[in-house]
Amino acid sequence: MREQPIGEAVENDERAEVIAYHTGDTHAAIDTLLEDIRHLRRQLTLAEGAMSRGMTRGWRPSYDRD
């Protein structure tokens, strides 16, 4: 799968690629995506702990969509 710029909509062929990667098993595809979300949330937590408030000018990461 290609990386997509922030804010770009997910295209239908990307969904098809994810499902095809899991040989049509939609539950496995969803499980993998959920694992990715958990991993990225852990990475955000680590990054937040390593950032100084001055470096980010008060910005804090958001763990949920606004």
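These are my notebook entries on a predicted model of one protein chain.

**Confidence**

I started with the confidence scores. The protein chain averages a pLDDT of 80, and 74% of its residues reach at least 70. Going element by element, I found the highest mean, 90, in helix H2 (residues 26-50). The lowest mean, 64, belongs to helix H3 (residues 53-56). Where pLDDT is low, the coordinates should not be read in detail.

**Overall make-up**

Next I looked up the secondary structure. I count three helices and zero strands in the protein chain, and from the N terminus the order reads α-α-α. Of the 66 residues, 11% are buried. I noted an accessible surface of about 5900 Å² for the protein chain, with 57% of that on carbon and sulfur atoms.

**Helix H2**

How far does H2 reach from its first C-alpha to its last? I get 36 Å over 25 residues, close to the 36 Å expected at 1.5 Å a residue. At the N-terminal end of H2 I found a cap, Asp25. One of its side-chain oxygens sits 3.1 Å from the backbone nitrogen of His27.

Is His22 buried or exposed? Its relative accessible area is 14%, so I log His22 as buried, the cut-off being under 20%. Which residues does His22 touch, leaving aside neighbours within four places in sequence? I list Ala28, Ala29 and Thr32 as its contacts.

With a relative accessible area of 74%, Thr23 is exposed, because the mark for that is over 50%. I also checked its backbone: phi of Thr23 is near 50 degrees, a positive value in a residue other than glycine. I flagged that because most residues other than glycine have a negative phi.

**Val18 and Thr32**

Last, I looked at Val18, which lies in helix H1. Its relative accessible area is 13%, so Val18 counts as buried by the under 20% rule. I then took the C-alpha separation from Val18 to Thr32 and got 9.4 Å, for two residues 14 apart along the chain. Thr32 had already turned up in my entries as a contact of His22.

Methods
Residues are numbered from 1 along each chain as its sequence is written. Side-chain values use heavy atoms; hydrogens and water are left out. pLDDT is the predictor's confidence in each residue, from 0 to 100. Helices (H or I, at least four residues) and strands (E, at least two) are DSSP runs, numbered from the N terminus. Buried means under 20% relative accessible area, exposed over 50%, partly exposed in between (1.4 Å probe, protein chains only). Contact means heavy atoms within 4.5 Å. Accessible areas come from the Shrake-Rupley method with a 1.4 Å probe; for residues, only the protein chains shown count as cover. The expected span of a helix is 1.5 Å times one less than its number of residues. A polar contact is a pair of N or O atoms within 3.5 Å; within protein, one must be able to donate a hydrogen and the other to accept it, and residues adjacent in sequence count only if both atoms are side-chain atoms.
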